[in-house]
Each structure stands twice: as C-alpha cells, then as structure tokens.
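Take a slow walk through this protein chain.

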Amino acid sequence: MWDGFRYFVMFLDNYTHFPVICLIKNKSDVCNTARNYIIEAESKWNSRVHKLRGDMGGKYVANKLADLGIKINYAPAETPQLNGQVERPNRSLMEKTRAILFDSGLEKELWEEALRTAMYLLNRRPSATVDTTPAELWHGKRPDLSNLKLFGSLAYAKQLKKLGKLDKRCDQLIMVEKREIKLSRDVTFVESTEVSTTNNSSQEIIANTISLVDSEETSLRLADNMEIKDKNRYKARLVACGCEQKAGFYYSERFSYVVSLNTLRFLIAYGKKENMSLKQFVIKTAFLYSNLEQDVFMLVPEGFKDEKGSVVKLKKCLYCLKQAPRDRNKRFVDFLKAHGLNQLITDKSVLVNDESNLILAIWVDDDLVISNENNKINEFMMKLQTEFEVKITHNPEIFVGLEIENAMGFINIHQETYVDQQLKTYNMDCTKHATIPAVSGTDNSEGCNGMEGVNFPYREAVDSLLYLSNTSRQDITYAVNMALRKVENPNVHDGTKNLGLSTYLNTSLIDAYSDADYAGDETSHRGTSGYVFKYMGSPVAWFTRKKPIISFSTEESEFIAASECVEEVMHYIRNSHTNLFH
C-alpha cells in the first residue's frame, strides 16, 4: 500500500486465457477499470467484447457497461466453482505472491510488486487449457525469459547524471525498491546475495530496533531531561510525529466516535426526566491501551540511554499518531460489547445494555454514562477500572463544552463561559444589551462597499457564533444563518452584535415550534424557515435555512416549515427514542 493501492481486479480473456490484473485504490474504481480494459482489448484484437462473466459482487458494473452493448453474466453468490476459469488463476496468483514475499524477506507493503511478478510468471508458464503459453497467444510471439531476475535481489544501477571524479558511479538498490521505483537500463543484478532491506541505513535501523516500553511513565523516566512530579502529573508527554505519516502505508483509516449534539441533548434531558444518575469518565492516556495494526517505528526520544541512531517499534498507540483515535475506539468498543452493551443502529456512538437502563455516549475520549440504577452504574464503573485507569466525575457540571446546571427540578444546558470568552475576544463585552438576536426587515446592504479596511475578524466571529448556535443557543440560529450569507462580502450589518441570552424552559414532554417568512430574500425571492423542538423543557434540536424552493403563498411557506419540524420530531420518536427505550 506504499502508493495507495488496496485492491486488485483480474480480467481473463476466454480465448487466450491471458489474465490481466489492475490495481485500484477503491472498489468503486472497478467500473472504470473494466471499461478501460475492454476498450484496450477491443483495440488490440479489432473485435467487440460480447460477454462479461463475474460473481455477484460485480453487479454494479452492469449499469456502467450497458452503453457498450455487453451482456453481463453472473455466477450465483458463494459459488466460486461456477466461475473457475478466473477463480483458479486468482488462487494460484495469491499463492505465488505469498511465496515470493516470504522467500525474498521483504515487507508485506510490497505486495503490489510481488503480485505483478507472480502475474508475469503465471502468463509465461505452460497451461493445460491452451497449446502454448497465454503470453504467446496474447502477444503473438514467444516470450523472452532471459530477462527474469530473482525478486528482491541486490541491484546496481548506473548513475547517468553529471558526476565528479570521485563520486560513486552506481546506486545500490533492490529489485522492487520500497516507496520509490527507479527506472534504469544500465543495471547489474547480484542474485546470490540475500537481502531484506533497501539500503544499509535500513539494515542498521532494523538491527537496532527495540520494543517500546509498555508504559509512558517508564519511557519518561528513562530520559534524564524529563522530570515526573510526585502527583503523577507529567511535565512532558511522549508523542509521535504523525505529520510525517503517509496514508495507505503507515495507516489505512482515521475515525473517532462522536455522539451527535442532538442525541447528547436528548439523553441529558431524558436522564433528568427519569431521575437517572449522570456520570462522566475519562480514560487516562487512553491511546496507550490500544494495539497498533501496522508496524510503526520511531526514533528514540532525546535522553534515551542507548546506541545513537536507535529506533523503537511501537507496541501501543501514541498521541499524534493518525490511526490512534480509531484504534482506541475499536479497543474501547470491543470492551463495552464484551460487557453487554450494544451500539444503536441510528447512532454508533451510543451504546445501551439489554435492559435499556444503562446508556453510554462516546465523544472521542470523553464518555458519559446515564442509568437509573446506582448499583448498575457502579458495577459498570468497577469493571471499567479493572481494565483502564479512569477518572470519574459524578454529576458533571461540564461535558464537551456544555455547561450542565440542575435547578428547581429542571436541567439547563448553557455555555455562558464560552459566550463571555467570545465577547471579550471580539471586544463586545461592553456593548449594549439587546432583547432580540436580530432585527427582521429589508436588507439594504446592496451597494455597500463591505467592511474592507475595518479591523474586525468577521468570519472568525461568525464561526464562533455558528458553533454556539448549533450547540446550545437555538435563539440565535436565524441571526447566525443570515450572517453566514455575508461572510464573503460583509458589511456593517454583520449580525454579530446581538447575542440574546434568553432561557427557554417548558415542562411538557415534547414541544415543537416552526416559523417561516414569505419571499424574505429580495434577490432569490425565497423565504427562510426554521424549527425547534424541546424535550422536557430542554431544547434538543433546531434548524434554520433559506428554503431551496420558492413558495407561492405565506400559507405554503408556513406549511413547509411545519412539515420539516414534524419530520425531525418523528425521526427522534421512531429512531432514537424507540431504540433507546423499547
């Protein structure tokens, strides 16, 4: 995967039995690859392709090839014996590829080159299905085997650039060099020499490779210039240089579970309604518990007492590795599933036990647990502490930036601290208070020269307001939506001076509100609609936007806004509520 390719597809001509492999980065590339092969084959033989046979996995190819007039024939699922003409060469190809890699001692990342070598050899061996070799039938001449070299053998390539009198005249390489392919016509191979790395520096690295210490603390103690406090708080952290990692070679996927804000607000409100206990926990050095799927090497930190130039092979994930969040979440979710929690279909970041009395929400490495049985939540925390080092917070007052306040039988989610910080950041903490977040009416901004020359970070201010409106302040959603429309060319009506600090409380189960105007945008004649719905007096979802269509009346505009609101309410009733509390 050193160059990003992850899969290969094989095409086999039924007459010559000459198989061709094409490397692809994504399975969705099969269609274009098949089309390119067909065009090339038709051009070579001056004949049309009549039929294409494959397994059921390729049924999406039919739509792409329909315009070529090709008949698609499928073998039944799970019956490779019915497509043996291509399945058997595919098996032989993979067996040869493995043998080539094992014999050469090279890394698995060179599977592409080993696959091409195996394909080259497979096409040039005698076949029982044809009178000669597939390569001879396909190319129309007997193949020349004198150019075959041992895969992974040492090679010396002549340097053709301008050299000094004492400069070396050739580069020492390996046939199929890792991460870089060098083409040269002047090469001498030394097939009797056994090699396993690309150059002398790589050999020194492998020879000096050691296993990384199991804990971060021990690693820090090995460095004389790193001090560890008695309170188990480190003054330094061992991290990896993830910015140098290459996708497809050092890691394959990047992913981290993040519960949606709508679901999080809903869970907090439901927990208050059912008098559930709310606990937050953070796994200390969470990434160090996850196992690496790839081989990752790192230079030893400064102060490490060992030979100069040594490297370490990581056993566990370190912070700043790009695959660390994904591996951490996989390790953590596997632990949760082993202890009776299952992921929701609608939100994989939420896990519930079979009795639906223990709910866990994941936000990267911050986790929230809700339960109406104290013994159940305490039992879970004890199991968690036996596996990880955990910091537990009972009745948290803040979670992922949301300030949670219990008062008078209600729960209030706000971000007053964040609001104060943003007002001070943009020097707006001394402005006059406003009773509403925005003033409706005609926008007379046309013809304005914008805010050029005004020393005010309009885009950054709107971005912070957008985060605030999506998180806890539904009352400014409309104003922020209007301000976003002027980000490219802002004027004096920037919409960032009005921050309503209203609190909305309601004791009913679900209350939904919607509103819309008619042709409020004088340019496009489209209106703006929005909705908000509350659960147990706490707003859990809201949205506003300029409508994609033009309404013909105020009644139609209001009806569209109401239907969008009802659709969101039914989504939570049918999905989140039903899955959580069946």
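A residue counts as buried when its relative accessible area is under 20%, as exposed when that area is over 50%, and as partly exposed in between. Keep those cut-offs in mind. The model is a predicted one.

Begin with the whole chain. The secondary structure comes to 14 helices and 22 strands. The chain has 582 residues, and buried residues make up 40% of them. Now consider contacts between residues at least 6 apart in sequence. Of these, 64% join residues at least 24 apart.

Pro19 lies in strand S2, which covers residues 19–24. Is Pro19 buried or exposed? Its relative accessibility is 5%, so Pro19 counts as buried. Which residues does Pro19 touch, leaving aside those up to four places away in sequence? They are Met10, Phe11, Leu12, Met119 and Asn123. Look at Asn123 in particular. Pro19 and Asn123 are 104 residues apart along the chain, yet their C-alpha atoms are separated by 7.2 Å.

Next, turn to two helices. Helix H8 runs over residues 261–273, which makes 13 residues. From first C-alpha to last, H8 reaches 18 Å, close to the 18 Å expected at 1.5 Å a residue. Just after H8 comes Asn275, which takes a positive phi of about 55°.

Helix H12 covers residues 458–471 and has 14 residues. H12 reaches 20 Å from its first C-alpha to its last, close to the expected 20 Å. Which residues of H12 are buried? They are Tyr458, Ala461, Val462, Ser464, Leu465, Leu468, Ser469 and Thr471.

Now look at charge. Side chains of opposite charge can pair when their charged atoms come close. The structure holds 13 salt bridges. Three of them are worth a visit.

Arg91 and Glu95 meet in a salt bridge, at 3.1 Å from N to O. Why do these two line up? Both sit in helix H3, residues 84–104, and because they are four residues apart, about one helical turn separates them. Glu95 is partly exposed, with a relative accessible area of 33%.

Helix H10 holds another pair. Lys383 forms a salt bridge with Glu379, and their closest N and O atoms are 3.6 Å apart. The two residues are four apart in H10, residues 374–387, which is about one turn of the helix. Lys383 has a relative accessible area of 33%, so it is partly exposed. Glu379 also counts as partly exposed, at 40%.

The last pair links two elements. Arg545 and Glu564 meet through their side chains in a salt bridge, at 2.6 Å from N to O. Arg545 lies in strand S22, residues 538–546, while Glu564 lies in helix H14, residues 554–580, so the pair ties together parts that are 19 residues apart in sequence. How accessible are the two partners? Arg545 is partly exposed, with a relative accessible area of 30%. Glu564 stands at 15% relative accessibility, so Glu564 counts as buried.

Notes. Residues are numbered from 1 along each chain as its sequence is written. This is a predicted model: local features need pLDDT of at least 70, side-chain atom pairs count only at pLDDT 80 or more; totals for chains, interfaces and linings use all residues. Side-chain values use heavy atoms; hydrogens and water are left out. The expected span of a helix is 1.5 Å times one less than its number of residues. Buried means under 20% relative accessible area, exposed over 50%, partly exposed in between (1.4 Å probe, protein chains only). A salt bridge is a side-chain nitrogen of Lys or Arg within 4 Å of a carboxyl oxygen of Asp or Glu. Contact means heavy atoms within 4.5 Å.
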